[in-house]
Amino acid sequence: MDRRDFFKIAGGTILAGTSGVYAIRRLTGSIPGSTVADSPLTGKKWGMVIDLSKCVEDCTACLDACRYENNVAFHQDERWDVHWIRKIRLESKIGTTSTEKSVILLCNHCEKPPCAQVCPVQATYKREDGIVVVDHHRCIGCRYCMIACPYNARYFNFKDKEDWSNTDRPKRSHGVAEACNLCAHRIDLGELPACVEACSNVGEGAIMVGDMNDSGSEVAKIIMAEAVKRLKEDLGTEPKVYYLGL
Amino acid sequence: MEIKFESLDGSSFEYRVMMIIFAFFSVVGLLATWWVIEKGIWVTGMYTRVPWGLQIVMAVYYIGLSAGSLVISGLYGVFGKAEYKPFARIAVYVAMLFLIAGLLSILTDQGRMDRVFVEPFVHFNLQSMFSINPILYIGHILICIVYLWALFCEKKTLTKVIATLAFGWAFCVHSGTGAIFGFGARVLYESPLLPASFVAAAMASGTALMILLIVTLFKITKRHLDDELIIWLGRFLAICVLVVVYFLAVENAYRAYVVELRHAAVYYLFGGIHSLLFWIGLIFIGCIIPMFILFRKKTGKSIRWIVLASSLVIFGVLCERYVIVIPGLTNPPELFPGMEITFSAIQEGFASYTISFLEVLQAVGVFGIIGFLFGLGLKLFKLLPTEARILDPNI
């Protein structure tokens, strides 16, 4: 074998090998952005509408349901509690008159999520259906996503939670970042997120979730027709949580 | 003139005591880190509103010292100032050690240290400054190793090539570190000027560190050191500090001028303990006094005064790192402009942060490890020159 043949064989082997590996990874969907033709996530874009006029001040149904469903670490210490969803009271003043309202805050599942952009291990990523999730088995706990999130919607599991409310869902381990994942496990089964279901069960229906790409969905109709607001729209992150009455 | 290098004998009482102290610090730091791993990061005092603390401050500080030290080695390798050749080896070695210190500080700050050695390389994210920086850091260490080898083997051409590469790389390393903050979403972080001001502070602290180290080492080991060499470094340090002050002035003037940032500017400059560190620690102790010492004819030529000024700069830049990292976190993002949050389950408004004892122990541990490796390097390698004399009397 002369030098020319050697380079031909070596080059061909490398080319075939790398393209084969790439093709396998692409087909199995392990390359971000790659799609599998019959993926149930394709073509959907989940969004949320929160109607603040329906949110009752002392109601904590959504918070409790989320905490139970996802085994969210709640230590009753504001420094280290994790809140995938939380409620605040907001006062707005015009002159001498002031009004107060309850506002529900959670991950905005941004279309351009800064948390996913900065994650050094791609543990935080946006699914094809627009839900921003965290792979807890990959997160190294650097907390850069908490720094990058302009909505203070990301939390860090500073310490272990001993009791484990929902044994159907994984226990949360300390040392990783967390945020609302829109109950992606439920959505994948065709169910509603725990907070939406709980809010609906208490009869308020202040939180709605739906496919924004489906023009017939309630969420899409409200977004198109009503005066909805998103948090810090000027940042260009394109949140997918819309507020009515903010 | 042929410059001879030698290693330390390492049999003196002082050397042994120094090594025992560094080893003790290392053990204390390792125990503190073990405790943090065992219990969770909450034991360090960091919490939801302030998820980065002293370890990140120290990491940025160490990386700056490293980049700055490497610049000093470049005086010989890049700019051909042969009289600074005696310091080149030690500068590169120190640069390598401080980068390791920075990496150790970052490592011990991670929630899942066990994943740090695999995940960032398997799931590399080109869009993240946190992914790009490890490449710069590892490259920096590798360059330092080759650079040291070239210096040890007296390979002139390779030294010049690698020194130029190292010089440029040091700029990239610290610009990259600055970009972690400067390209961020927090009001007090976001600034395209930050990478450049990081480089300026790195050069100031690195030069100050080298002055302190060289003078101390030469004095302890009773070697001849021409004052003029240190005086020139002192002048260089003064200019670096002046550049730091300029960047600080521009950045804060911008924040104070732009209406939407004014609130944050007021908090930064007058909002708490960090403001005291800014004005007293950084501006007064770290910049004004050293500049006064270094620019003044009489004190600027006194080695004692230059060493004092260098110590103050090293302290000042540490304060600078603190006032970059911490106020950026304690200053809250304004989610609802013009409205007030009257109830929340988490701490709203300005947050507070206090350095915990455990964090200090971790930082002491990293310092101990680096100190120990430095001592070991002096004993194992021919890092120290027999003397450092001025070659050109008109310098």
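These are my notebook entries on the two chains of a predicted model.

**Entry 1: ground rules**

I noted that residues are numbered from 1 along each chain as its sequence is written, and that chains are lettered from A and ligands numbered from 1 in the order in which they are written. Since the model is predicted, I kept in mind that local features need pLDDT of at least 70 and that side-chain atom pairs count only at pLDDT 80 or more, while totals for chains, interfaces and linings use all residues.

**Entry 2: chain B as a whole**

I looked up the secondary structure of chain B and found twelve helices and five strands, where helices (H or I, at least four residues) and strands (E, at least two) are DSSP runs numbered from the N terminus. Chain B has a radius of gyration of 22 Å, close to the 21 Å of the globule rule for 395 residues, so chain B is as compact as a globular protein of that length. That radius is taken over C-alpha atoms, and the rule is 2.2 Å times the number of residues to the power 0.38. Along the principal axes, the C-alpha atoms of chain B fill a box of roughly 75 × 50 × 40 Å.

**Entry 3: two helix pairs in chain B**

I then turned to α2(B), residues 54–77, and α11(B), residues 303–330, whose axes come within 9 Å and cross at roughly 135 degrees. Axes here are lines fitted to C-alpha atoms, for helices over the stretch in contact, and angles run from 0 to 180 degrees between N-to-C directions. The two helices are therefore oblique to each other (angles under 35 degrees count as roughly parallel, over 145 as roughly antiparallel, 65 to 115 as roughly perpendicular and the rest as oblique). The crossing of α2(B) with α11(B) is right-handed; a crossing is left-handed if the near helix is turned anticlockwise from the far one by less than a right angle, and right-handed if clockwise. Among the residues that make this contact are B:Val60 and B:Tyr61 of α2(B) and B:Leu318 and B:Arg321 of α11(B), two residues being in contact if their C-beta atoms, placed from the backbone, lie within 7 Å. I sorted the contact by class and found eight nonpolar, one polar and one charged residues (Ala, Val, Leu, Ile, Met, Phe, Trp, Tyr, Cys and Pro count as nonpolar, Asp, Glu, Lys and Arg as charged, and the others, Gly among them, as polar).

For α8(B), residues 227–257, and α10(B), residues 273–295, I found axes that come within 9 Å and cross at roughly 145 degrees, and this crossing is left-handed. The contact includes B:Leu237 and B:Val241 of α8(B) and B:Met291 and B:Phe295 of α10(B), and its residues divide into eleven nonpolar, one polar and one charged.

**Entry 4: where the chains meet**

How many residues does the contact take from chain A and from chain B? I found 42 residues from chain A and 37 residues from chain B. On the side of chain A that touches chain B, β2(A) gives the largest share, six residues, and by class that side has 22 nonpolar, eight polar and twelve charged residues.

A:Ser92 stands opposite A:Thr99 in β3(A) and opposite B:Met339 in β3(B), while A:Glu91 stands opposite A:Glu100 and has B:Glu340 as its bridge partner in β3(B).

**Entry 5: the mixed sheet of chain A**

Last, I looked up an open sheet of four strands in chain A, in the order β8-β1-β10-β9, with mixed pairing. β8(A) and β9(A) stand at the edges with a single partner strand each, so one side of each is left without a neighbour in the sheet. β1(A) and β10(A) pair in the parallel sense over four bridges, and A:Ile50 stands opposite A:Tyr243 in β10(A).

Methods
Pairing = 2+ DSSP bridges.
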